[in-house]
Amino acid sequence: MNDETTSTTLVKHWEVDVNDWTSCRFAELVVQRGLEHVGTTSWPSEKMTLEGLFDHCVTSQRRHGQRTAVIDLGSAVAEGCLAHLMLSNGSVWLQIAARDVDAVATARAWFRERYPKTEVANAQRVRVAFWSLGQHGPRRLHRSIEVPSWTEVAANYPQEVGRKLSGLIGKEFQPGLGGRLLLWHGPPGTGKTYALRALGWEWRSWCDLHYITDPESFFGASPTYMLDVLLCEDDETEKERWQLLILEDTGELLAADAKERTGQGLSRLVNVVDGMIGQGLRVLVLVTTNERLRTLHAAVSRPGRCASQIEFGAFAADEAAEWLVRHGGEAVRRDGTLAMLYARLEGLELPERPAVGFGR
């Protein structure tokens, strides 16, 4: 390098194969053209083809149900402007590189016209971001899922459980007040997942759902994955909205011997909800577990950290009989979980789950 010329060399420091072809080609051209401004965004769309783009297409690839392409927008937007487009599972993923930020915004609008955003229909659906850690970092897949309202499922919970859920789901709940951790615990078949879906519907006006598919990696050896999720921003996220991180069936992270079994997972979880990492972020963490409360670590449920702690249990005999009658069944006065009651309604009886371990 000297005063008159400046050269940049791209060094590929990961193992490259043909599946990464369009990503590598995009990175190579960005460096060659000296494009210093890069923007990333995504949105749901029904269009999943490259129709209308082939006149601008540098290279394209089809693999595993995805379509990817490097698009040269020099003639359409600005000289040198490039885009890397990925179409997958009803979502558009877009990286744009240009010499100035205005060109990035113009290119984004250019793609928006060609890939209209899918609006959620009148059906009760919420959009969920599903996160996983891939070979080259965090990956996010958006899906719209059907959900019930709380009024539709409230009667499927014992009175005390329903009362606590109503307080959490209702308008009186103030996010962040009293802690940022929501802990739901109880045996399988007690309706935790249905309550979670109803929560997503009732909170849809102010909170986005982020489902962590691999919590052991999220709180694993490297904090990079966790920080990428916590600090994620795109054009679809309003600054004032909250994020709810969902960690289902994650009792091992909260166990009394969590540090010995999962390393720093518990410590990082505590830092998200009550430490420096979580300061200034609008983040709530919902953990569901089948573990008994007395087997969980004391640091999890202390006041000021755990905003809501709900134990999902079985219906008492009288409540179970009332539930069966409301659903057109016979009044069998025997306690049981929600799953057991549905089985009785169909004339079946789920076997009792044997106790595991030494606890009583």
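A search of the whole structure, a predicted model, finds zero disulfides, a disulfide being a pair of cysteine sulfur atoms within 2.5 Å. Cys24 is buried, with a relative accessible area of 5%, and Cys207 likewise counts as buried at 5% relative accessibility. Here buried means under 20% relative accessible area, exposed means over 50%, and partly exposed lies in between, with a 1.4 Å probe and protein chains only.

## How the model is read

Residues are numbered from 1 along each chain as its sequence is written, and side-chain values use heavy atoms, with hydrogens and water left out. Since this is a predicted model, local features need pLDDT of at least 70 and side-chain atom pairs count only at pLDDT 80 or more, while totals for chains, interfaces and linings use all residues.

The chain averages a pLDDT of 81, and 76% of the residues score at least 70; pLDDT is the predictor's confidence in each residue, from 0 to 100. The score stays under 50 over residues 1-5, for which the model has two contacts beyond four places in sequence, and also under 50 over residues 355-360, for which there are five such contacts. A contact means heavy atoms within 4.5 Å.

## The chain as a whole

The secondary structure comes to twelve helices and twelve strands, where helices (H or I, at least four residues) and strands (E, at least two) are DSSP runs, numbered from the N terminus. Of the 360 residues in the chain, 43% are buried. Among the contacts with a separation of 6 or more, 66% are accounted for by residues 24 or more positions apart.

The accessible surface of the chain comes to about 19,600 Å², of which 49% belongs to carbon and sulfur atoms; such areas come from the Shrake-Rupley method with a 1.4 Å probe, and for residues only the protein chains shown count as cover.

Strand β4 (residues 82-88) is mostly covered, as seven of its seven residues are buried. Leu82, His84, Met86 and Ser88 point one way from the strand, while Ala83, Leu85 and Leu87 point the other way.

Strand β3 (residues 66-72) pairs with β4 in the antiparallel sense over six bridges, and two strands pair if DSSP finds at least two bridges between them. In this pairing, the bridge partner of Val70 is His84 in β4. With strand β5 (residues 91-98), β4 pairs in the antiparallel sense over seven bridges, and Ala83 has Ile96 in β5 as its bridge partner. β4 and β5 form a hairpin with two residues between them, and Asn89 in the turn has a positive phi of about 50°.

## The largest nonpolar core

The largest nonpolar core has 31 residues, and those with the most contacts inside it are Leu165, Trp184, Trp203 and Leu244. Such a core is a set of buried Ala, Val, Leu, Ile, Met, Phe, Trp, Tyr and Cys residues joined through side-chain atoms within 4.5 Å. Among the elements that give two or more residues to this core are β8 (181-185), α5 (192-202) and β10 (242-247), and the largest share, five residues, comes from α5. Leaving aside its neighbours within four places in sequence, Leu244 is in contact with residues including Leu199, Trp203, Cys207 and Leu284.

## A buried loop residue

Asn156 is found in the loop between α3 (150-153) and α4 (159-169). Asn156 counts as buried because its relative accessibility is 12%. Beyond its neighbours within four places in sequence, Asn156 is in contact with Phe315, Trp323, His327, Leu338 and Tyr342.
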